[in-house]
Amino acid sequence: MAGGGGYTPPSADDFIYDPILGTTWLNKVFLQSILALIIVMVLWFVLSRNLKVVPGKRQFFGEMLYDFIRNGVGRDMIGHDFRRYLPWLLAFFTFILVNNWFGQVFFVMLPTYSLVGYAYGSALLVWIIYITAGIRKHGLLKYLKLQTMPEGVPWFLYLMIIPLEVLSNFITRPITLALRLFANMFAGHLVIMVFVVGGGFLVTQADGLINNIGGGVSLIFSFAVFGLELFIGALQAYIFTVLAAQYIESSISEAH
């Protein structure tokens, strides 16, 4: 009943159906992630073709980016087995970087990872990779032992240590990996929106010279925030990749 009990019957607006796309999940952010995938694939295809002994600007840029992940992340974090995982790390870094920088592209203005589901999806993929790597290296039983029974711990503490290790290695890692990326992208997106939308409102809608000046200053300052968010987007892509490499290394190493 629509009357006294506070019940409101559902309306047509509660059942959204796009006549073109047909579904609500095929939205702007999903299309951004597909576009980022295409950009990354085209980027590395272009950078890796017609390689020469003396590199040009295009090849030099590609080699610089490749060496940055190869030496600064793969080799330093994983060790001598890093080459097997280098394509994953390079793909993670560039894909997350492109998605993060969508937040500074006009007419888009939305980093993909400001939606937590996409951050959880990437973290889940890392979780699958590092667990699979550990099982392939050690076998299932030995891997579980290495991850839940640290060396040097007395046996009578296992009842307390094993649940903590399971929580840390298999549950907390992917959750914190996702939330770290999401929180930084979401917060940066909000800061930019506050300066841009607030400044635009003060300039165009508010009365008074002081409000108009404040709005202009806010819009000008938003460009500095844009630059800061470009740096934060790159930094978060790097941190995500470093942590992914660290988790892989902890899974394939002999000691825990």
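Modeller: Here you go, and one convention before we start: helices (H or I, at least four residues) and strands (E, at least two) are DSSP runs, numbered from the N terminus. This is a predicted model, where local features need pLDDT of at least 70 and side-chain atom pairs count only at pLDDT 80 or more, while totals for chains, interfaces and linings use all residues. Residues are numbered from 1 along each chain as its sequence is written, and side-chain values use heavy atoms, with hydrogens and water left out.

Colleague: Thanks. How many helices and strands does the protein have?

Modeller: Seven helices and zero strands. Read from the N terminus, the elements go α-α-α-α-α-α-α.

Colleague: What is the mean pLDDT?

Modeller: The mean for the protein is 85, and 89% of the residues reach 70 or more. pLDDT is the predictor's confidence in each residue, on a scale from 0 to 100.

Colleague: And where is confidence lowest and highest?

Modeller: Confidence is lowest in H6, with a mean of 87, and highest in H3, at 95.

Colleague: Now the inside. What share of the residues is buried?

Modeller: Of the 256 residues in the protein, 36% are buried. Buried means under 20% relative accessible area, exposed over 50%, and partly exposed in between (1.4 Å probe, protein chains only).

Colleague: How many residues are in the largest nonpolar core?

Modeller: That core has 44 residues, and Ile78 and Val126 are those with the most contacts inside it. By nonpolar core I mean a set of buried Ala, Val, Leu, Ile, Met, Phe, Trp, Tyr and Cys residues joined through side-chain atoms within 4.5 Å. Helices H1 (28-48), H2 (57-78), H3 (86-101), H4 (116-138), H6 (158-204) and H7 (209-252) each give two or more residues to this core.

Colleague: Which one gives the most?

Modeller: H7, with ten residues.

Colleague: Let's zoom in on Val126. What does Val126 touch?

Modeller: Not counting residues up to four places away in sequence, Val126 touches Phe92, Leu177, Phe240, Ala244 and Tyr247. Contact here means heavy atoms within 4.5 Å.

Colleague: How about Ala123: buried or exposed?

Modeller: Ala123 is buried, with a relative accessible area of 1%. Ala123 sits in helix H4, and, with residues up to four places away in sequence set aside, touches Pro174, Leu177, Ala178 and Phe240.

Colleague: How accessible is Asp81, and how accessible is Lys137?

Modeller: Asp81 is partly exposed at 28% relative accessibility, and Lys137 is partly exposed too, at 42%.

Colleague: I was also looking at Arg70. Which residues is Arg70 in contact with?

Modeller: Leaving aside neighbours within four places in sequence, Arg70 contacts Arg75, Phe82, Arg83 and Leu86. Arg70 belongs to helix H2, and the C-alpha atoms of Arg70 and Pro87 are separated by 9.3 Å, with the two residues 17 apart along the chain.

Colleague: Over to backbone angles. What is phi at Asn50, and what is phi at Phe107?

Modeller: Asn50 has a positive phi of about 55° although it is not a glycine. Phe107, likewise not a glycine, has a positive phi of about 75°. Asn50 is in the loop between H1 and H2 and is exposed at 52% relative accessibility. Phe107 is in the loop between H3 and H4, exposed with a relative accessible area of 83%.

Colleague: Last one: which residues form the nonpolar patch on the surface?

Modeller: Ile34, Ile38, Val42, Phe45 and Val46, with about 430 Å² of accessible area together. Patches are made of residues with over 30% relative accessible area and no salt bridge, where like charges are joined within 9 Å and nonpolar side chains (Val, Leu, Ile, Met, Phe, Trp, Tyr) within 5 Å. Ile34, in helix H1, is partly exposed at 36%.

Conventions. Accessible areas come from the Shrake-Rupley method with a 1.4 Å probe; for residues, only the protein chains shown count as cover. A salt bridge is a side-chain nitrogen of Lys or Arg within 4 Å of a carboxyl oxygen of Asp or Glu.
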